[in-house]
Amino acid sequence: MSHWIEGQTGLWEIVIGLEIHAQIISMAKLFSGAATFFGGAPNTQVALFDAAFPGMLPVVNAKCIEQAVRTGLGLNAHINKYSVFARKNYFYADLPAGYQISQHELPIVGPGLVAIDLSDGTSRTIRIERLHLEQDAGKSLHDRHPTRSFIDLNRAGVALMEIVSQPDMHSSEEAAAYVRKLRSILRYLGSCDGNMQEGSLRCDVNVSVRRPDEDFRTRCEIKNINSVRFVVQAIEYEAHRHVRVYESGGSIEQETRFFDSSSGKTLPMRSKEMVHDYRYFQDPDLVPLMLDETFIEDIRTNLPELPDQKKSRFMNIYGLPAYAAGILVEDRETAEYYETVAKGRDPKIVANWVMTSLFGALHRSGREISDSPISADHLGQLIDLIGDGTISSHIAKSVFESMLETGQEPSAIVTAKGLKQVTDSKVIERAIDEVMRQHADKVALYRGGQVRILGWFIGQVMKATDGKANPEKLSTLIKKKLAGSTLSSV
Amino acid sequence: MTALVDLSLADARTGLNRGDFTSVELTEAHLRAIERRRFLNAFITETPEIAIAQAKASDRRRRAGQVGTMEGLPIAIKDIFCTEGLLTTAASHILDGFRPPYEATVSARLRAAGAVTLGKTNMDEFAMGSSNMTSYYGNVLNPWQRHGAPEIKLVPGGSSGGSAAAVAARLCLAAVGTDTGGSIRQPSSFCGIVGLKPTYGRCSRWGLIAFASSLDQAGPMTRTIRDSALMLGAMSGYDSKDSTSAQVPVPDFEGALTGEIHGLKVGVPCEYRPDGLAPEVIALWDKGISWLKAAGAEPMEISLPHTQYALATYYIIAPAEASSNLARYDGVRYGLRKAGNSSLNEMYMQTRAAGFGQEVQRRVLIGTYVLSAGYYDAYYLKAQKVRTLIIRDFQQAFKTVDVILTPTTPTPAFAMGEQMDDPITMYLNDIFTVPISLAGLPGLSVPAGLSPEGLPLGLQIIGRPFEEQTVLKVGGVLETAACFTQRPSLAVAN
Amino acid sequence: MSLNKSTVRAIAFLARLDLSEEAIEPLIEELSAILQWTEKLQSVDTTNVEPMPCINFVQSYWREDAINDGGYAETVLTNAPESAKGFFLVPKVVN
């Protein structure tokens, strides 16, 4: 799959780097004891420190440090035992202190790697440059009043991990795969819930283009994209915009843009802001962060199995192809669900049921696997009922639908609705005979060479047996009968 | 019988314990003194009703047998400490109407120890100054006057000018101040009182309105060394709400005042004797050295080679930190807001221009500049490196000596209106105090004598980190030898 | 280092200080003088010297992850010059 843009004057390569802000899962904020959960009434989750009252001071939250280290380890990154908090100074209404406590020259996590899988079966490694801890800002609402903006500081001070990639991605597909993979890893680790709608995961995308083998050209930053779909759209639009500009003889100015989801375009920020000079300096209210080996090793020892490891394991133990394994492990809960069902059963059959029927149903009802109406055990039981011939795979589909609606176990549904498979050849033959008798004309057509009517005959017999006829037996018997033999049942 | 307002903290404590008088009587005497000497402008906010209520409560506690270390003793608090429900301004227009819903740790500890709050004292705006002439609430008058020139108004020093004047003028038994580059020690020297800047981290900064975070320290301002030790004990201690608070135990400071300094090595740095230093200052310093020698100490010359760079270092680092610490004063959540603007930036700009005085604006601009792109390395980073060298100078010196003795200020109190030509002249007042702040060391100013015009001069004792006990002990020896009993002319016997 | 007016204006904007024409002239001189005075530091040899941005007498303390603050919106808003419905109000920001 080529990731070149074919311009009028030749090929262009897209160069993409991503900065992802991930809200850390913790009870309290990075430097204060106020709560972090989403959706509270305005300014009810604000400590005096978060509102930058005079004389208030930061005290760092141990859990947030742990989560950052855990994430660094999950990204195969180097953990910096000595790191420093720095102030990033700028004025904005949602930044009460007039500075954000972040990390600048000495972040807590250094270079790392993320493996991504693409739809054509290939894999790539994207390099992570660094991960650092920083405070989130509050929220401004600009649409409540004609001349006033409303400020809510609930989110001010929530811990964020800023994860910066190298500009290693060259297509919107790669960028999407990267975001999904990163999100998956963070959710596995339990360090971020990856909920993009609620803003716990936000992407800033840096896009530029260049001729093959050229040095980097000017890039533009598109801020605060909150869905993978929009990441893709923004990259496509922006890269093509650069190409258009260059090919018409213009030049790209470094700027920050925002993505307008209604038009699918990136637009310049309306107020031409002065170039920010953040005047970073080490925060004198805090001491440097020092991590000892024991602390890091404890976290490392207790890391959960991560997506890449799980995927390899699924491929080896369950013999699943890479693509399917990749889908099943993207989400830890899904992987656990799958493994519960797959225990002692045919893994490929299970994979099929989970990825097709179950995912389809969950998607239609907008649910997550954690509130699936069909439990892993019940799905397993359903698959067993097919396996031991109690029901046909055809009937199983309607049992599945009933399970979705009622949450009952499959055998109860089968019994209640009398859905057991008909395997008795005599019964099937009687049904076949009846259909053939009623449609002698069609039999003649079949015997006359229109063999495609077989499907219709099978359908009719199925209907006559309420779908319960064993498909294999039905197929064998009906072919013989239509062919003219009067085989008696075995 | 000594007037109630002329007692030391320690003697007042004794008197209260003996039942010679009540806290209410003691407090009322001070409230009357405050009224009589309001012309000094030492207070921004007086709190007479609260003081009486606290005094009554203290007397009740005493009758029930509950006696804290500062029980019933009336003190004043510099208006840089957030006091719950009480106007707190940092002497700035930009904090108009600000009533903190919380109490600073240091003042809370003093209250918990039983102290009575007489009011919030005047200061240089946001603690930036050495004269208490930058306050939005007007200048503070030094209760001392030059012999034969009573019409010349003198500055009390700064930034804790109101606290120093109040203690010197017997408006309170003691006061809490803060010191960033000399703001306790310099006004203490100018007003003839004892002022201690503890080791950085000894007292909590929680609730202390920040000027320069790596330098600010709260400290006691008193009339005697024993009082300083007593009050320091009540103020100190680890506070987990302050990440720069030191996890060290609080020793018995009063118990260390044994007067026993035999064999103690006293460093005398040659760099603190620059050309042109006033002869009376040199003379007093020499006298101090001889007093300590007479008590059995061993003076010896030391070198602190980077002393000459300390002021420049300080005037890069402190404004840099201040420019960031003061960014929160923007009219959004408390204090002054300049209304009627069409944009957020305009509101910020007009509020801050109207709310901050000139010296604060100057320092915010300097601080912003030295951190800005292209200048960070040459100014801020360079200054931090020189700071390391200054710290090393002291570490090296303390390998051979136990304390260091220097003058506190190069001159006695100057007149209002002098030193106004340019900011730098004002900055030079802190030449002897700033290096100690940069190194985070404990520094004590003890009134040691008078200048030819009859104005107090202080000597500074510097110690190793967390060795306030030694510093106070040496201070006690100097105090005994100096026998400084003079009173400011604007606060003669009551 | 001698500053010029446009630098001072730029710094003043970074610091969100509105300087009038009358205020700016003396400031240029004062600030230049102060900065020039601090330049004596350039003569200090600081090769291989680490900066000291904070006094390091202090051990590190990490707070436990527990909700023990916040939940007092009224208090947080009590000093606000302008507030409504639990929010701080500021002049509208055009984005």
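Which residue is the bridge partner of A:Arg87 in β15(A)? The partner is A:Phe281. The model that shows this pair is a predicted one. The two residues belong to a pairing in which strand β4 (residues 86–89) of chain A and β15(A) run antiparallel, joined by 2 bridges. That pairing is part of an open sheet of 3 strands in chain A, with the order β5-β4-β15 and antiparallel pairing. Because β5 (99–102) and β15 (281–282) of chain A each have a single partner strand, they stand at the edges, and one side of each is left without a neighbour in the sheet.

Strand pairing also occurs between chains. β9(A) pairs with strand β2 (residues 87–91) of chain C in the antiparallel sense, over 4 bridges. Within β2(C), C:Phe88 is the residue that stands opposite A:Ile151.

In total, 52 residues of chain A are in contact with 37 residues of chain C. The area buried between chain A and chain C is about 3800 Å², and 64% of it lies on carbon and sulfur atoms. There are 18 residue pairs in polar contact between chain A and chain C, counting pairs with both residues at pLDDT 80 or more. On the side of chain A that touches chain C, the elements that give two or more residues are α1 (62–74), β9 (148–152) and β16 (289–290) of chain A. Of these, β9(A) gives the most, with 5 residues. By class, this side of chain A holds 33 nonpolar, 12 polar and 7 charged residues. The rule finds 1 salt bridge across the interface of chain A and chain C. A salt bridge joins the side chains of A:Arg148 and C:Glu82, at 2.6 Å from N to O.

C:Glu82 leads on to chain B. This residue also forms a salt bridge with B:Arg337, where the closest N and O atoms are 3.0 Å apart. Between chain B and chain C the count is 2 salt bridges, and 16 residue pairs are in polar contact, again with both residues at pLDDT 80 or more. Helices of chain B supply the elements that give two or more residues to the side touching chain C: α9 (310–325), α10 (344–355), α11 (358–371), α12 (377–397), α13 (423–427) and α14 (434–439). Of these, α12(B) gives the most, with 14 residues. The residues on this side of chain B divide into 38 nonpolar, 23 polar and 10 charged.

How much area do chain B and chain C bury between them? The value is about 5300 Å², 71% of it on carbon and sulfur atoms. The contact takes 71 residues from chain B and 49 residues from chain C. B:Met349, B:Leu365 and B:Tyr369 supply 12% of the area that chain B buries against chain C, more than any other three residues.

The mean pLDDT of chain C is 91, with 93% of its residues at 70 or more. Among the elements of chain C, the lowest mean pLDDT (92) is that of helix α2 (residues 21–38), and the highest (97) is that of helix α3 (residues 73–77).

Definitions and conventions
Residues are numbered from 1 along each chain as its sequence is written. Chains are lettered from A and ligands numbered from 1 in the order in which they are written. Side-chain values use heavy atoms; hydrogens and water are left out. Contact means heavy atoms within 4.5 Å. Buried area is the accessible area (1.4 Å probe) that two parts lose on being put together, summed over both. A salt bridge is a side-chain nitrogen of Lys or Arg within 4 Å of a carboxyl oxygen of Asp or Glu. A polar contact is a pair of N or O atoms within 3.5 Å; within protein, one must be able to donate a hydrogen and the other to accept it, and residues adjacent in sequence count only if both atoms are side-chain atoms. Ala, Val, Leu, Ile, Met, Phe, Trp, Tyr, Cys and Pro count as nonpolar, Asp, Glu, Lys and Arg as charged, and the others, Gly among them, as polar. Two strands pair if DSSP finds at least two bridges between them. pLDDT is the predictor's confidence in each residue, from 0 to 100.
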